Amino acid sequence: MVGKLWHEKIHPEDRDTVTEQWLANVDKIEPWTAEYRFLSPDGTVTWVMGHTNPQLDANGQVISHVGTITDITDRKRMEEQLRESHRELEIQVKERTRELLESESLLTQSAVMANLGYAVWDYSDEKYLSVSDEYAGIFGYTSEEFLATFSTADKNHDLIYSADRERHQVYYDRDRSDNQSPDIEYRIVRRDGDIRHILQATKYVADRSGERTLMFISLQDITDRKQAEQELQN
C-alpha cells in the first residue's frame with residue numbers, strides 16, 4: 001500500500017492520479033516512475049521524480065519496493081519558461097502574419113474577411129513554426145494533429161490532389177526576387193477524402209543577405225465559389 005506520510009505530502013491536485021498509478025503498478029515486476037508535486041506545510045511546492053524498483057522473493061513475487069525521489073523543481077521551472085516563451089512567440093508570429101497579409105494585400109478583401117487559415121514555415125529548421133486552427137481545419141485536422149503528421153514539406157505535399165502536385169511544385173520553385181508570390185488555386189484531399197478547392201497566397205521573409213528565413217502561407221477554401229462558377233457555366 002501507499003505509505004501514509006508519503007501520500008499526504010503529495011500535492012492535492014496530483015494525489016489521486018499518483019496513487020492510482022502506484023497501486024496499478026505495485027504488484028508488477030517492473031520499475032515505476034512518475035513526476036508529481038510535493039506540498040510542504042508552509043505552502044512551498046516542490047516538483048519531484050519518484051522512481052521505484054521491485055524486490056522479489058525466491059519465487060519471483062514482489063515483496064517490497066526500493067525507491068528514490070529526485071528534486072526536479074528547477075527543470076520543471078525551465079520547461080515552463082520555455083513553454084511560455086513558445087506561447088509568446090506564437091502570438092507574435094500570428095500578429096505579424098495577419099499584419100503582413102493585410103498590408104501586402106495577399107488576398108482580396110473578401111478573402112481576408114472570410115474563414116482564413118495561415119501557417120508559418122521556418123526555413124532554418126525546415127518545418128512549420130506555427131499553424132492556425134483554421135489552416136489545419138481546412139484539411140480536416142486540429143493544429144496539433146497537423147503539426148505532428150505533416151511536419152515536413154514532403155508530407156505536406158501529400159495533401160495536394162495528385163493532378164495538381166506538379167503545378168503546385170512549379171509555383172514554389174519559380175524565382176521570386178520580390179519575396180512574394182501571386183495567388184494560386186489548386187485542390188487538396190481532406191482527411192475524410194473530400195476534394196476541396198484552395199486559394200493560396202505566399203509571402204517570404206529574408207535576412208540581409210537575401211536568404212529566406214520564413215514563409216507565410218494563407219489558405220482559403222473556395223470550393224463553394226468554384227461550384228457556383230461551374231453551375232453558371234452549365
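**Notebook: strands, cores and rings**

I started with β1 and strand β2 (residues 45-56), which pair in the antiparallel sense over 8 bridges. For my notes, two strands pair if DSSP finds at least two bridges between them. Helices (H or I, at least four residues) and strands (E, at least two) are DSSP runs, numbered from the N terminus. Within this pairing, A34 stands opposite G50 in β2.

A reminder to myself: this is a predicted model, where local features need pLDDT of at least 70 and side-chain atom pairs count only at pLDDT 80 or more, while totals for chains, interfaces and linings use all residues. Residues are numbered from 1 along each chain as its sequence is written, and side-chain values use heavy atoms, with hydrogens and water left out.

**The open sheet**

I then looked at the sheet around that pair. Its 3 strands are ordered β1-β2-β3, forming an open sheet with antiparallel pairing. At the edges I found β1 (32-39) and β3 (62-71), each pairing on one side only. Neighbouring strands here are turned by 30 degrees against each other on average, direction ignored. Helix α2 (residues 12-25) packs on this sheet and touches β1, β2 and β3. The direction of α2 makes about 155 degrees with that of β1. Axes are lines fitted to C-alpha atoms, for helices over the stretch in contact (heavy atoms within 4.5 Å). Angles run from 0 to 180 degrees between N-to-C directions.

**The other strands**

Next I followed β8. β7 and β8 pair in the antiparallel sense over 9 bridges, and A206 has R212 in β8 as its bridge partner. The two strands form a hairpin with 5 residues between them. In the turn, G210 has a positive phi of about 90 degrees. I also found 6 bridges joining β8 to β4, again antiparallel, with D122 opposite L214 in β8.

**The cores**

Which residues touch the most other members of the largest nonpolar core? I noted Y128, Y135, F139, F146 and L219, out of 22 residues in that core. β4 (117-122), β5 (127-131), α5 (133-138), β6 (180-189), β7 (195-206) and β8 (212-221) each supply at least two of its residues. A second, separate core has 9 residues, including V26, W32, Y36 and F38. A nonpolar core is a set of buried Ala, Val, Leu, Ile, Met, Phe, Trp, Tyr and Cys residues joined through side-chain atoms within 4.5 Å. Buried means under 20% relative accessible area, exposed over 50%, partly exposed in between (1.4 Å probe, protein chains only). By that cut-off, 32% of the 234 residues of the chain count as buried.

I checked F139 separately. Leaving aside neighbours within four places in sequence, F139 is in contact with F146, L159, I188, R190, R191 and L219.

**The rings**

My search of the whole structure gave 10 aromatic pairs. One of them is Y135 with F139, a tilted pair at 5.8 Å centre to centre with 50 degrees between the planes. Both Y135 and F139 are buried. Rings of Phe, Tyr and Trp (its six-membered ring) pair if their centres lie within 6.5 Å; planes under 30 degrees apart count as stacked, over 60 as edge-to-face and the rest as tilted. Ring pairs link W121, Y128, Y135, F139, Y141, F146 and F150 into a cluster.

Last, I looked for charges over rings (NZ of Lys or CZ of Arg within 6 Å of the ring centre and within 35 degrees of the ring normal). K76 has its charged end over the ring of W47, 4.4 Å from the ring centre. The charged end of R212 sits over the ring of Y204, 4.3 Å from the centre.
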